[in-house]
Amino acid sequence: MRVAALYDIHANLPALEAVLEDVHRADVDQVVVGGDVIPGPMPREVLALLLSLDVPAQFIYGNGELAVLAQIGAADPASVTYWGTTSGEMLPEPLRGVLRWTADQIQTGCHEVLRSWPKTRRLEITGLGEVLFCHGTPRSETECFTRLTPEERLVPVFEETDAAVVVCGHTHMQFDRVVAGVRVVNAGSVGMPFGQPGADWLLLGPDVELRHTSYDLQTAAACIRDTAYPQALEFAEQYVLQPPSEAAMLDAFTSASFR
């Protein structure tokens with residue numbers, strides 16, 4: 001079995017289309033979509049494409065799906081926090097606007113589809129054994145860590161994991177490391193990678209391949225600018241054409257992880 005792991009697409013349709021071309025060339029048997037398909041500039045189109053793939057696909061949710069779903073049907077969307085409760089720190093208005101807009105774009109029929117996605121998936125993959133797919137960590141879709149996070153901080157998270165490999169995302173930066181005897185691989189981000197512009201994903205079986213797909217960034221940025229997404233200009237400039245540097249984001253995410 002060969003499996004493509006696509007994480008953190010963030011409704012970037014041009015990036016997804018380019019990656020799927022590479023996925024088809026790789027002749028995979030299955031696709032795992034690892035959460036944070038949304039929010040982003042083209043949510044309807046991206047969901048429609050993913051739900052009509054010509055290869056079997058499995059999905060898990062990320063913090064992005066939870067945040068958007070929390071807006072749907074909320075009596076007072078402005079009071080909803082990022083994680084779907086009505087207590088805690090309020091969201092900044094720009095982010096609230098993005099989540100409300102995304103929620104409005106998703107067709108009613110997709111609401112239950114998103115709600116049906118589980119937190120984790122497991123697959124037996126030739127050459128790797130049992131692989132656990134999660135968004136942040138096996139226990140949380142919001143916990144973040146990087147290739148630089150000290151192992152002693154991560155041992156409590158992974159020491160009881162019974163899978164041979166854990167695939168995660170969330171921080172938008174690829175890595176392949178070992179924690180408490182478990183191989184832990186970050187798929188990176190299809191739609192909002194940090195570091196080199198393009199799209200990152202994984203090919204699994206019989207080993208792990210960190211893949212990077214190049215695509216026409218200028219055309220993609222123009223398409224994104226033409227959407228009604230509230231942060232279309234920022235997304236095109238800051239996440240497609242000139243993503244944040246890996247060094248800067250490693251510093252930010254490593255500092256925030258597992259203090």
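The model is a predicted one, in which local features need pLDDT of at least 70 and side-chain atom pairs count only at pLDDT 80 or more, while totals for chains, interfaces and linings use all residues. Residues are numbered from 1 along each chain as its sequence is written, and side-chain values use heavy atoms, with hydrogens and water left out.

Helices (H or I, at least four residues) and strands (E, at least two) are DSSP runs, numbered from the N terminus. Two strands pair if DSSP finds at least two bridges between them.

Let us begin with an open sheet of five strands, in the order β3-β2-β1-β9-β10 and with mixed pairing. Its edge strands, β3 (57–59) and β10 (208–213), each pair on one side only. On average, neighbouring strands here are turned by 25 degrees against each other, direction ignored; such angles run from 0 to 180 degrees between N-to-C directions, and axes are lines fitted to C-alpha atoms, for helices over the stretch in contact. At one end of the order, β2 (residues 30–33) runs parallel to β3, joined to it by three bridges. You can find this pairing by looking for Val33, which stands opposite Phe59 in β3.

Now move on to another open sheet of five strands, ordered β4-β5-β6-β8-β7, again with mixed pairing. Here the edges are β4 (121–125) and β7, each pairing on one side only, and the twist averages 25 degrees from one strand to the next. Strand β5 (residues 129–133) pairs with β6 in the parallel sense over three bridges, with Leu132 opposite Val166 in β6.

Strand β7 (residues 175–179) pairs with β8 in the antiparallel sense over five bridges, and Arg177 has Val184 as its bridge partner. The hairpin of β7 and β8 has two residues between the strands. Ala180, in the loop between them, has a positive phi of about 55 degrees although it is not a glycine. With 31% relative accessibility, Ala180 counts as partly exposed. Helix α6 (residues 151–158) lies across β6, β7 and β8, running at about 75 degrees to β7.

Next come two helix pairs. The axes of α1 (residues 13–25) and α2 (residues 43–50) come within 9 Å and cross at roughly 20 degrees. These two helices are therefore roughly parallel, since angles under 35 degrees count as roughly parallel, over 145 as roughly antiparallel, 65 to 115 as roughly perpendicular and the rest as oblique. Leu13, Leu16, Glu17 and Leu20 of α1 meet Glu45, Val46, Leu49 and Leu50 of α2, contact meaning heavy atoms within 4.5 Å.

The other pair is α7 (residues 217–225) and α8 (residues 232–241), which pack at an angle of about 160 degrees with their axes 8 Å apart. That angle makes α7 roughly antiparallel to α8. Among the residues that meet here are Leu217, Ala221 and Ile224 in α7 and Leu233, Phe235 and Val240 in α8.

Finally, look at some single spots along the chain. The peptide bond from Ile38 to Pro39 is cis, with omega near 0 degrees, and Pro39 sits in the loop between β2 and α2. Another cis bond, from Gly205 to Pro206, also has omega near 0 degrees; Pro206 belongs to the loop between β9 (199–204) and β10. Ala11, in the loop between β1 (3–6) and α1, has a positive phi of about 55 degrees although it is not a glycine. Ala11 is buried, with a relative accessible area of 0%. Asp76, in the loop between α3 (63–71) and α4 (93–105), is partly exposed at 43% relative accessibility.

Methods: Buried < 20%, exposed > 50% of the residue type's maximum accessible area, 1.4 Å probe, protein only.
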